[in-house]
Every structure is written in structure tokens, then in C-alpha cells.
Amino acid sequence: MNMKFGLASASLLVLTSCSSSLEDYNNTGPAFELSRYFDGNVTAWGIVEDYSKKLSRRFCVDIVGTWEGNKGQLHETFYYNDGEQQIRVWELSQAEDGKVTGTAGDVVGQASGSETGTAFNWKYTLRVPVDGTEYDLAVDDWMYKLDDNRVMNRSYMSKFGVTVAEISIFFDKTAPIRGCKSVN
């Protein structure tokens, strides 16, 4: 076997074994319901890893979700370990078929997502400021409901198809809600 064919085969195997589809989560539980989970107060903790898998930031985020019918708002206040604070307000709409669309101030265009079984997949373009320059990064966001109070989230940020950062977030709405200020 020649070297080019071997590398191409190995690359194809890696790419196909890593891809995931929302349909992979049909008939899994507990069922993820975005409007149900993100209704009220939620606190989350997360890390950002750069392209080399090096931990680059830690954060806590307080989220307040409100819903009226199929329209929702998520007000997120981020507290980063370097002292930066950031607010993102999502305006969401959920169709009868479960598809979700949303906008936020730092999101380019419209986000879209769907839930199936225990998973929710959310895709959008995020405008990220870095050292005085703004970059538009594609975000592939995967949330997995663990139980009624906890959700695990893995996000993959890419530019030109190359992953530049991975984000892991643990959401918790166990009462009493701890909130970022009570744990920092």
C-alpha cells in the first residue's frame, strides 16, 4: 500500500468515526426539552481549550430563562477567571416540530437547532473579539441532558473547517441555585 493511499484512508476513517448525527440519539433519554430545562435560573461552569487542547479560560455563567408559549429569552451573564464579564441575550423561537431558531448580539445571522432524545444540537456563527480583531467562528454546540437538573455541553468552534477551540460546560439547576457570585 502506498503512503498517500494509507494516509487518505486513515484520514477518512478518523473523520467518519468522529462525526455525530442528531438521529444517533433517537429513543434515548431522559428527553431534552430546551424550553423546559432553560426556564428559570441555571448556573453553569465551563472551560475553553485552544486548538492545541491547552486550557485557555475558565468561566461561570448565570442564566435566566423565560418563556411565553414558543418564544423564549435566555439572559446569560458570563464571569471569566481573568475578571472579564460578558452578557449574551438569546431571543429564541421553537416551532411545533421542535426546531429552534435564535439570535443574540454577538451571533452573526440566525442560530438553528433541534432536539432528539437526550441531545440538543445548536449551530451558529459567533463573532469573537481577540486582541482588537473580531473573528466569525462557526459553533457546533451539543447538549446532553443527564437528569432533570443537569446538562453537559460540548462546543466546537471552527474557522475554515479547522477546530480552533473546544468548550466544555456543565449546567446545573439543582435548588437552591448556587449562582456564580456564591462560588467565586
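Here is a short tour of a predicted model, stop by stop, for your viewer.

Before you click: residues count from 1 along each chain as its sequence is written, and side-chain values use heavy atoms, with hydrogens and water left out. As this is a predicted model, local features need pLDDT of at least 70 and side-chain atom pairs count only at pLDDT 80 or more, while totals for chains, interfaces and linings use all residues.

**Stop 1**

Start with the largest pocket, about 1,100 Å³ in volume. Select Y80, L126, V128, M157 and I167: of the 44 lining residues, these are the closest to its centre. (A pocket here is an open set of points on a 1 Å grid over the protein atoms alone, where a 1.4 Å probe fits, with protein on both sides within 12 Å along at least five of seven lines; lining residues have an atom within 4 Å of a point. The volume is the space filled by probe spheres set on the points, which are joined across faces, edges and corners.)

Now colour by strand (strands are DSSP E runs of at least two residues, helices H or I runs of at least four, both numbered from the N terminus). Which strand gives the most to the lining of the largest pocket? Strand 7, with eight residues. Others that each supply at least two include strand 1 (40-50), strand 8 (133-145) and strand 10.

**Stop 2: S168**

Staying with strand 10 (residues 162-172), pick S168. S168 counts as buried because its relative accessibility is 14% (buried is under 20% relative accessible area, exposed over 50%, partly exposed in between, with a 1.4 Å probe and protein chains only). Leaving aside neighbours within four places in sequence, S168 is in contact (heavy atoms within 4.5 Å) with W45, G46, I47, M152, N153 and R154.

**Stop 3: the disulfide**

Select C60 and C180, whose sulfur atoms sit 2.1 Å apart in a disulfide (a pair of cysteine sulfur atoms within 2.5 Å). The pair links distant parts of the chain, 120 residues apart: C60 is in strand 2 (residues 55-68) and C180 in helix 3 (residues 180-183). The structure holds one disulfide, and this link is left-handed, at -90° about the S-S bond. C60 is buried at 2% relative accessible area, and C180 is buried at 0%.

**Stop 4: T116**

Finish on T116 in strand 6 (residues 107-116). T116 is buried, at 17% relative accessible area. Show N26 too: T116 and N26 are 90 residues apart in sequence but 5.7 Å apart in space, C-alpha to C-alpha.
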